[in-house]
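Please examine the sequence and the structure shown below.

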Amino acid sequence: MNQTKHRGIGMTSERTRARMVERLREQGIRDSSVLAAMGLVPRHIFVDEALSIRAYEDTALPIGFGQTISNPYIVARMIEVLRNGHDMQKVLEIGTGCGYQAAVLAKLAREVYSIERIATLIGRARRHIRELRIGNIKLKHSDGNLGLEEVAPFDGIILAAATPHPPQALLHQLALGGRMVLPRGSGSEQRLVLIERNEEGFEESVLEMVHFVPLLPGVS
């Protein structure tokens with residue numbers, strides 16, 4: 001893929017992306033590193049070409065198989081909470097989708113591991129990440145509920161799908177002092193929550209209302 005497509009034109013241009021970043025700042029995103037990462041990753045290449053002119057709107061967009069790419073605000077908000085102003089070393093993402101959030105995380109963490117249960121989606125994500133020449137993301141076609149025990153612990157875990165209860169495997173794979181950000185709940189009753197692991201166990205904080213597709217078991 002040529003660099004012109006990465007830079008975009010018109011509604012996919014760097015200027016349009018810069019306006020998205022300014023809107024994120026107005027919406028309350030304060031972490032300058034997160035804002036910079038959002039400005040560097042061309043969101044328009046992660047969606048179908050027919051939807052690319054809407055890539056920098058503050059809206060979720062369909063990516064097939066009943067899945068969506070989250071709106072820019074929620075991506076920035078979740079990563080800002082996960083990062084908490086600190087450099088991240090090893091991060092696990094559950095729900096690769098099209099690969100956009102993983103690409104943003106890769107600008108902010110030394111290693112990013114991402115799991116997707118839908119084979120076609122992870123194939124697309126691999127192409128996008130390869131096109132952008134991002135070398136610190138490892139993708140796996142697997143059940144996200146299981147995490148990645150073989151490379152745990154993680155200092156950050158982020159879920160792009162809602163679940164009534166955090167999977168026990170993921171809690172066990174969170175490092176001491178680590179943070180997990182996820183949409184908790186089902187249907188229209190979902191809240192973004194932060195779970196922090198300390199020496200006493202796990203502490204949960206509720207952040208805001210959200211709406212995500214459900215976290216499903218198995219692979220397809």
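**A guided reading of the predicted model**

Phe 65 is placed in the loop between strand 1 and strand 2 (67-69); helices (H or I, at least four residues) and strands (E, at least two) are DSSP runs, numbered from the N terminus. The model is predicted, so local features need pLDDT of at least 70 and side-chain atom pairs count only at pLDDT 80 or more, while totals for chains, interfaces and linings use all residues. Residues are numbered from 1 along each chain as its sequence is written, and side-chain values use heavy atoms, with hydrogens and water left out.

The backbone at Phe 65 has a phi near 60 degrees, a positive value in a residue other than glycine. With a relative accessible area of 47%, Phe 65 is partly exposed; buried means under 20% relative accessible area, exposed over 50%, and partly exposed in between (1.4 Å probe, protein chains only). Asn 84 likewise is not a glycine and has a positive phi, of about 55 degrees. Asn 84 belongs to the loop between helix 4 and strand 3 (88-94) and is partly exposed, at a relative accessible area of 40%. Another backbone feature is the cis peptide bond from Ala 152 to Pro 153, with omega near 5 degrees. Pro 153 lies in the loop between strand 5 (137-141) and strand 6.

The packing of the helices comes next. Two packed helices are described by the angle between their axes and the distance between the axes. The axes are lines fitted to C-alpha atoms, for helices over the stretch in contact, and angles run from 0 to 180 degrees between N-to-C directions. Helix 2 (residues 14-26) and helix 3 (residues 32-40) have axes that come within 9 Å and cross at roughly 155 degrees. Helix 2 is therefore roughly antiparallel to helix 3; angles under 35 degrees count as roughly parallel, over 145 as roughly antiparallel, 65 to 115 as roughly perpendicular and the rest as oblique. The crossing of helix 2 with helix 3 is right-handed (a crossing is left-handed if the near helix is turned anticlockwise from the far one by less than a right angle, and right-handed if clockwise). Helix 2 contributes Arg 17, Met 20, Val 21, Leu 24 and Arg 25 to the contact, and helix 3 contributes Leu 35, Met 38, Gly 39 and Leu 40; contact means heavy atoms within 4.5 Å. By class, this contact of helix 2 with helix 3 has six nonpolar, one polar and two charged residues. In this scheme Ala, Val, Leu, Ile, Met, Phe, Trp, Tyr, Cys and Pro count as nonpolar, Asp, Glu, Lys and Arg as charged, and the others, Gly among them, as polar.

Helix 3 also packs against helix 4 (residues 72-83): their axes come within 10 Å and cross at roughly 140 degrees. That angle makes helix 3 oblique to helix 4, and the crossing is right-handed. On the helix 3 side, Ser 33, Val 34 and Met 38 meet Pro 72, Val 75, Ala 76, Ile 79, Glu 80 and Arg 83 of helix 4. The residues of this contact of helix 3 with helix 4 divide into six nonpolar, one polar and two charged.

Asp 58 is in the loop between helix 3 and strand 1 and, at 32% relative accessibility, counts as partly exposed. Leaving aside residues up to four places away in sequence, Asp 58 touches Arg 23, Gln 27, Asn 71, Pro 72 and Tyr 73.

How many aromatic pairs does a search of the whole structure find? The search finds two; rings of Phe, Tyr and Trp (its six-membered ring) pair if their centres lie within 6.5 Å, and planes under 30 degrees apart count as stacked, over 60 as edge-to-face and the rest as tilted. The rings of Phe 46 and Tyr 100 have centres 5.6 Å apart and planes at 70 degrees, so this pair is edge-to-face. Because Phe 46 lies in the loop between helix 3 and strand 1 (61-64) and Tyr 100 in helix 5 (residues 100-106), the pair ties together parts that are 54 residues apart in sequence. Phe 46 is buried, with a relative accessible area of 2%, and Tyr 100 is buried at 1% relative accessibility. Tyr 113 and Phe 154 also form an edge-to-face pair, at 6.0 Å centre to centre and 70 degrees between the planes.
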